[in-house]
Amino acid sequence: MSPKTRAYLEKLYQLLEKMPEDERLDAIREIESHIAEGMAGGQSEDAILARLGDPRVLAKAYRSEYIMEKGPARSFKDVMIMVGFYCTTGLLSIMVIPVLATLAGGFGFSAVLVFIAGLLRTLGVTGIQMNLGPVEVPTEWSMVVSTIVGGIVGGIAYVSWRGLRLYMSFLSASYKKVLPGRRAM
């Protein structure tokens with residue numbers, strides 16, 4: 001292995017430091033194999049390394065694939081790592097992900113509070129006011145109004161959450177295209 005290839009693989013290995021060791025080694029072996037196959041096929045080392053691109057972009061793609069493959073078994077920490085990863089992938093992500101996450105969380109929490117307030121007001125808890133413009137909602141209608149308003153607010157939270165998931169899936173698919181086994185040689 002040439003010093004240039006060794007330096008590329010070492011840089012990639014360092015950039016994959018947050019992944020488990022076996023996953024890091026698998027990624028390095030995959031890239032090493034890709035380089036060896038290309039050279040055996042008559043391609044120059046420089047051409048292969050140029051096609052692989054910047055090791056930072058390749059490392060992001062491997063980290064993205066690793067996080068996304070965990071599927072529903074993701075922990076809260078994994079989700080936060082994934083959000084951090086996507087927030088660092090571009091200016092649009094820095095704006096879109098936090099906005100959608102805040103909308104989903106804020107509106108979801110508000111939907112629950114509106115429903116609970118309607119339930120408590122219906123059960124006779126005083127001090128909870130419900131107004132539709134200048135008109136106060138009668139106590140016996142509190143549950144119906146809070147269910148409707150909570151449904152609307154919850155719907156906004158759900159649409160924001162779905163948008164966030166779709167955007168993150170789109171980014172993952174984009175980064176997977178960067179990985180050598182997923183694109184045309």
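Axes are lines fitted to C-alpha atoms, for helices over the stretch in contact, and angles run from 0 to 180 degrees between N-to-C directions. Helices are DSSP runs (H or I, at least four residues), numbered from the N terminus. The model is predicted: local features need pLDDT of at least 70, and side-chain atom pairs count only at pLDDT 80 or more, while totals for chains, interfaces and linings use all residues. Residues are numbered from 1 along each chain as its sequence is written, and side-chain values use heavy atoms, with hydrogens and water left out.

**Exercise 1.** Classify the packing of α2 against α3.

*Solution.*
- Step 1. Helix α2 spans residues 21-40, and its angle to α3 is about 140°, with the axes 9 Å apart.
- Step 2. That makes α2 oblique to α3. Under 35 degrees counts as roughly parallel, over 145 as roughly antiparallel, 65 to 115 as roughly perpendicular and the rest as oblique.
- Step 3. Contact means heavy atoms within 4.5 Å. α2 supplies I31, H34, I35, G38 and M39; α3 supplies E45, I48, L49, R51 and L52.

**Exercise 2.** Repeat this for α1 and α3.

*Solution.*
- Step 1. Helix α1 (residues 3-15) and helix α3 (residues 45-52) pack at about 15°, with axes 10 Å apart.
- Step 2. That angle makes α1 roughly parallel to α3.
- Step 3. K4, T5 and Y8 of α1 meet E45, D46, L49 and L52 of α3.

**Exercise 3.** Find which residue lies over the face of Y13.

*Solution.*
- Step 1. Apply the test: NZ of Lys or CZ of Arg within 6 Å of the ring centre and within 35 degrees of the ring normal.
- Step 2. R24 lies over the Y13 face, at 3.7 Å from the ring centre.

Technical notes. Helix = DSSP H or I, 4+ residues; strand = E, 2+ residues; numbered from the N terminus.
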